[in-house]
Amino acid sequence: MSDLLQRLRDRGWRLTAQRRVVAEVLDGEHVHYTADEVHARATEKLPEISRATVYNTLGELVSIGEVIEVSTDGRAKRYDPNAHHSHQHLVCSRCGVIRDVRPSGDPLALLPERERYGFTLDEATVTYRGLCPSCASA
């Protein structure tokens, strides 16, 4: 489970009712909702929350480093609360579902020295693609 709400409390981020609802919607493991999905789920808890408030809150969460914005294959951006847990993504190339995965080994070590062209590496982002079980059986 994500620890998003606790991280926000620890940093002293002002949790208004609207911000709290957005954080609650995002809190969890393997959560990768679009802004519209966050808004739809937030209105179930707080019917008066506006789409603009959801977008603004997501933007703030990304800018303070508490949520990662994930873009895949030109689809709508998704928001990942697991910003402080090292992981990669597994994406269904048909339906777009995203799962967090933690492969063994260091992805930085996979790039041979001759392919680094003098760069000093500090991060690697790997996206695995395939068909999820639902799409593979359809």
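Colleague: In what order do the elements of the chain run from the N terminus on?

Modeller: First, a heads-up: this is a predicted model, where local features need pLDDT of at least 70, side-chain atom pairs count only at pLDDT 80 or more, and totals for chains, interfaces and linings use all residues. Residues are numbered from 1 along each chain as its sequence is written, and side-chain values use heavy atoms, with hydrogens and water left out. The chain has five helices and six strands, taken as DSSP runs numbered from the N terminus (helices are H or I, at least four residues; strands are E, at least two). Written out from the N terminus, the order is α-α-β-α-α-β-β-β-β-β-α.

Colleague: How far apart do the C-alpha centres of domain 1 and domain 2 lie?

Modeller: The bounds come from an automatic or database domain assignment, which gives domain 1 as 3–80 and domain 2 as 88–132. Their C-alpha centres lie apart by 24 Å.

Colleague: How much area do domain 1 and domain 2 bury between them?

Modeller: Buried area is the accessible area (1.4 Å probe) that two parts lose on being put together, summed over both. On the domain 1 side, His 30, His 32 and Arg 75 lose the most, together 50% of what that side buries. Of the total for the two domains, 45% is on carbon and sulfur atoms, and that total is about 910 Å².

Colleague: How many salt bridges are there between domain 1 and domain 2?

Modeller: A salt bridge here is a side-chain nitrogen of Lys or Arg within 4 Å of a carboxyl oxygen of Asp or Glu. The structure holds eight of them, but between domain 1 and domain 2 the count is zero.

Colleague: Which residue forms a salt bridge with Arg 7?

Modeller: Arg 7 sits in helix 1 (residues 4–10), and its partner is 59 residues apart from it, in the loop between helix 4 (51–63) and strand 2 (68–70). The closest N and O atoms are 2.5 Å apart, and the partner is Glu 66.

Colleague: Where does UniProt place the feature "binding site"?

Modeller: The entry is unreviewed, and such annotations, given in the numbering used here with shortened feature names, may be inferred rather than shown by experiment. The residues span 44 residues in sequence, yet no two of their C-alpha atoms are more than 8.2 Å apart, so they gather at one spot. UniProt's record lists Cys 92, Cys 95, Cys 132 and Cys 135.
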